[in-house]
Amino acid sequence: MSDPFRRSARVGAVELSEILTISERAAALKREGRDVITLGTGEPDFPTPAHVVEAAHRAALAGETTYTLTVGTIALREAIAAAAGREGGDRPDLAEIIVCTGAKQVLYNAFAATLDPGDEVLIPAPYWTSYPDIVTVCGGRPVALPTTAAGGFRITPGQLAAAIGPRTRWLLLNSPSNPAGAVYAPDDLEALAEVLRAAPHVGIMVDEIYQHICYVPFRSFRAVAPDLADRTLIVNGVSKSHAMTGWRIGWGIGPRRLIAAMLAVQSQITSGASSVSQAAAVAALEGDRQFLAERCDDFRARRDRLAAALNATGILDCPSADGAFYLFPACAAAFGRSSGRGRRIENDGDFCEALLEEEGVALVPGRAFGTPGHVRLSYAYSRASLDEAATRIARFCAELR
Ligand code: PLP
């Protein structure tokens, strides 16, 4: 008998993310009393700034607890428009902005609104694990564009030109990137824009959620290629910059017809984002910005310390990263060897499993990001945790035979 709850073809191809699987295994080991350090999750260890929390509290007490406009409050869209204007692009109209329940929903709305079965989305790899799965759930076909450490984990204009075909609907760029911390400089973006000018059937989605955690000058794609604004959707939010992952506020800036289509999707899933969180996000965008630079400096110091420790293992080959809070070293030098307790290591998954079981350090294998042979570490953790993790990783690597 056929199961009424069999998965649809679209969802059948999607699995729980490997990041979650690792977190669950790490949690199980902790329950057994093991001392486990998780460098797996992608969220800042800072608290949400007090003035942001206070704004939410005030809004709730003032009765801002009802449905908001589905597209987002005027106050928040004004604040987003002002921020986008400050950063060098044209100030968008309010009708060119949609507020969503996290940046993730911006992606979902856009793909659900535009993809037909078989439509292709070009995604540079390594990519954030959710990108291909969201495309798949929306009926599209993710097409990975591989990059290398030597090339700074960035696609080249030639590679993009060769990948664009008649079924290509979107290019999805992420800068600064998760997991490699790659940043496209203005010249890189301009060179890609030149290719895209010759492909008018392709939309350009640029996920700039790590904009404020960037160790080289950041420039938005909107500012680099304003002539492509009619085909560009910028994805951004407060989750990473303001340590607000739990508040679930992200937004998209794009042409009106796309925003209207995304709004139609959103109106049938979540309606507007949380009223109180939107009030908090206004305070985040309009309040003190000094702390963003301070936090960025703090992340940079952690990056340098951890990258040096990883490279000193002689096994992990760790390029630096220009943004976000991840390192993405190659672990291929461990392949063909056995761990201290005799686990054979043939790939990045084996490496992560042995490291977790033997030293209690949870990392995510590169295959989860479409780039096997690497591991991802988040350094959004306390220095004490990072130092202890580095000591354990060094011991694990020293024992490989
Ligand atoms: N985009 C990238 C590249 C991310 O790494 C993440 C979260 O890890 C998101 C978007 C999701 O952001 P949000 O929590 O606002 O949905």
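The ligand takes up the space of the largest pocket. Keep in mind as you look around that this is a predicted model.

**Around the ligand**

Which residues come closest to the ligand? Of the 13 residues that surround the ligand, the closest are A103, N178, D207, S239 and K240. Sorted by class, this shell holds 5 nonpolar, 4 polar and 4 charged residues.

Some side chains reach oxygen atoms of the ligand with their polar atoms. For K240, a polar side-chain atom lies 2.7 Å from a ligand oxygen. N178 places a polar side-chain atom 2.8 Å from an oxygen of the ligand, and for R248 the distance from a polar side-chain atom to a ligand oxygen is 2.8 Å. How much of the ligand does the protein cover? On its own the ligand has 400 Å² of accessible area, and the protein covers 92% of that.

**The pocket itself**

The largest pocket holds about 830 Å³ of space. Its lining is made of 35 residues, and those nearest the centre of the pocket are K104, W128, T129, S130 and R248. Three helices, α2 (18–31), α5 (103–114) and α6 (130–137), each give at least two residues to the pocket lining.

How many cavities of 30 Å³ or more does a search of the whole structure find? There are 4.

The largest cavity is lined by 19 residues, and A84, E87, Q211, N236 and W251 lie nearest its centre. Helices α4 (74–86) and α9 (221–224), together with strands β7 (232–237) and β8 (250–253), each supply at least two of the lining residues.

The second largest cavity holds about 110 Å³ of space. Its lining has 17 residues, with P124, P126, F153, N174 and S177 closest to the centre. Strands β3 (120–125) and β5 (168–174) are the elements that give two or more residues to this lining.

Here are the volumes and the lining classes side by side.

| Space | Volume | Lining residues by class |
|---|---|---|
| Largest pocket | about 830 Å³ | 14 nonpolar, 13 polar, 8 charged |
| Largest cavity | about 190 Å³ | 8 nonpolar, 8 polar, 3 charged |
| Second largest cavity | about 110 Å³ | 13 nonpolar, 4 polar, no charged |

Conventions: Residues numbered from 1 in each chain as written. Predicted model: local features only at pLDDT ≥ 70, side-chain atom pairs only at ≥ 80, totals over all residues. Heavy atoms only, no water. Near = heavy atom within 4 Å. Polar contact = N/O pair within 3.5 Å; in protein donor to acceptor, adjacent residues only side chain to side chain. Areas by Shrake-Rupley, 256 points an atom, 1.4 Å probe, with all protein chains shown as cover. 1 Å grid on protein atoms, 1.4 Å probe; cavity = no way out; pocket = protein on both sides within 12 Å on 5 of 7 lines; lining within 4 Å. Sits in = over half its atoms within 2 Å of the grid points. Nonpolar A, V, L, I, M, F, W, Y, C, P; charged D, E, K, R; others polar. Points joined across faces, edges and corners; volume = space filled by probe spheres on them. Helix = DSSP H or I, 4+ residues; strand = E, 2+ residues; numbered from the N terminus.
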